[in-house]
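User: I'm new to this one and would like a quick walk through it. Can we look at it together?

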Amino acid sequence: MQLVLSLFPGVDLLGRGFEAEGFCVVRGPDLIFGGDIRDFKPPSDRFDGIIGGSPCQDFSSLRRCPPSGYGLQMLAEFVRCVEHARPDWFLLENVPGVPDIKPVGYAVQRFDLRANEFGLAQQRLRHFQFGSLRNQVLVLDRPSRGPVSQPIATATEGAKLGRRDWSDFCALQGLPPLALESFTMSARYRAVGNGVPVPMSRFIARAILNQRSCGSIQLCICGCGRRVEGKALSALPACRKRIERKRRD
Ligand SMILES: C[S@@+](CC[C@H](N)C(=O)[O-])C[C@H]1O[C@@H](n2cnc3c(N)ncnc32)[C@H](O)[C@@H]1O
Ligand SMILES: [Zn+2]
């Protein structure tokens, strides 16, 4: 069984997905439970993996004020923990605008996933960086996108007039209604809205169990994680469009 340290766990939707796939998840400190990563030092060479979703407001396209610098500070804390603990692999979740992280010794793969690829009624986008000490990559055999019938679930839902019912909101994140009795209503919505949808997290956990050596497999150059064969560089017409868009930007 792989032992995983979950940083910035919040109520840890990300870690719950890993647990459901058979990982043992240990949770690090979080401000919402009175802990602070800046006071935390993980042990070296004990964990197989480190996962975490550091605060993303500074890198978000929805940001209304200039970046505070806190996002970069928390990324540096994540990197510090990885470099100290030296797990075999790490997984960082954030938004697409997050800078690359480069812990010493790790090869890093970036990819995006949308909630509606995993049977959920919303299409919130999540961005990941997977790092491997042994030059492994994740092959992402992605399901096709399902229909979207609901606006995305976000951390600010609790403060909105006409917010969705608690059980409907949890369902949008792939959860049964969570009993967070010690939380205020808006803190409940914030914690669940901040999280990685559980079926998405399970999908990545399975890909980590099946990680492959970089030399043994060829992946689409768009970064989607799909396998390609022979001389092909990209997997789908949508990948080619994505590559063209990146070249133009
Ligand atoms: C995006 S949320 C994590 C969501 C989680 N990955 C999930 O799937 O449920 C970021 C978390 O970082 C926590 N956080 C922010 N600054 C922190 C710090 N200095 N130390 C520890 N946790 C912090 C926040 O309280 C929040 O719960
Ligand atoms: Zn692709």
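User: Is the crossing of α1 and α5 right-handed or left-handed?
Analyst: The crossing of α1 and α5 is right-handed. Keep in mind that this is a predicted model.

User: At what angle do helix α1 and helix α5 pack?
Analyst: Helix α1, residues 13-20, packs against helix α5, residues 198-209, at about 50°, and their axes are 7 Å apart. That angle makes α1 oblique to α5.

User: Which residues in α1 meet which in α5?
Analyst: From α1 there are Leu 13, Leu 14, Arg 16, Gly 17, Phe 18 and Ala 20; they meet Val 198, Ser 201, Arg 202 and Ala 205 in α5. By class, the residues of this contact are six nonpolar, two polar and two charged.

User: Switching to the ligand. How many residues surround ligand 1, and which are the closest?
Analyst: Ligand 1 is surrounded by 22 residues, and the closest are Phe 8, Gly 10, Leu 14, Gly 53 and Gly 195. Leu 14 is also one of the α1 residues that meet α5.

User: And how does the shell around ligand 1 divide by class?
Analyst: It has twelve nonpolar, five polar and five charged residues.

User: Now the whole chain. How many helices and strands are there?
Analyst: The protein chain has six helices and eight strands. Along the sequence their pattern is β-α-β-β-α-β-β-β-β-α-α-α-β-α.

User: Why is the chain called as compact as a globular protein of that length?
Analyst: Because its radius of gyration is 18 Å, close to the 18 Å that the globule rule gives for 249 residues. The C-alpha trace spans about 55 × 45 × 40 Å along its principal axes.

Technical notes:
Residues are numbered from 1 along each chain as its sequence is written. Chains are lettered from A and ligands numbered from 1 in the order in which they are written. This is a predicted model: local features need pLDDT of at least 70, side-chain atom pairs count only at pLDDT 80 or more; totals for chains, interfaces and linings use all residues. Axes are lines fitted to C-alpha atoms, for helices over the stretch in contact, and angles run from 0 to 180 degrees between N-to-C directions. Helices (H or I, at least four residues) and strands (E, at least two) are DSSP runs, numbered from the N terminus. Angles under 35 degrees count as roughly parallel, over 145 as roughly antiparallel, 65 to 115 as roughly perpendicular and the rest as oblique. A crossing is left-handed if the near helix is turned anticlockwise from the far one by less than a right angle, and right-handed if clockwise. Two residues are in contact if their C-beta atoms, placed from the backbone, lie within 7 Å. Ala, Val, Leu, Ile, Met, Phe, Trp, Tyr, Cys and Pro count as nonpolar, Asp, Glu, Lys and Arg as charged, and the others, Gly among them, as polar. A residue is near a molecule or strand if its C-beta atom, placed from the backbone, lies within 6 Å of it. The radius of gyration is taken over C-alpha atoms; the globule rule is 2.2 Å times the number of residues to the power 0.38.
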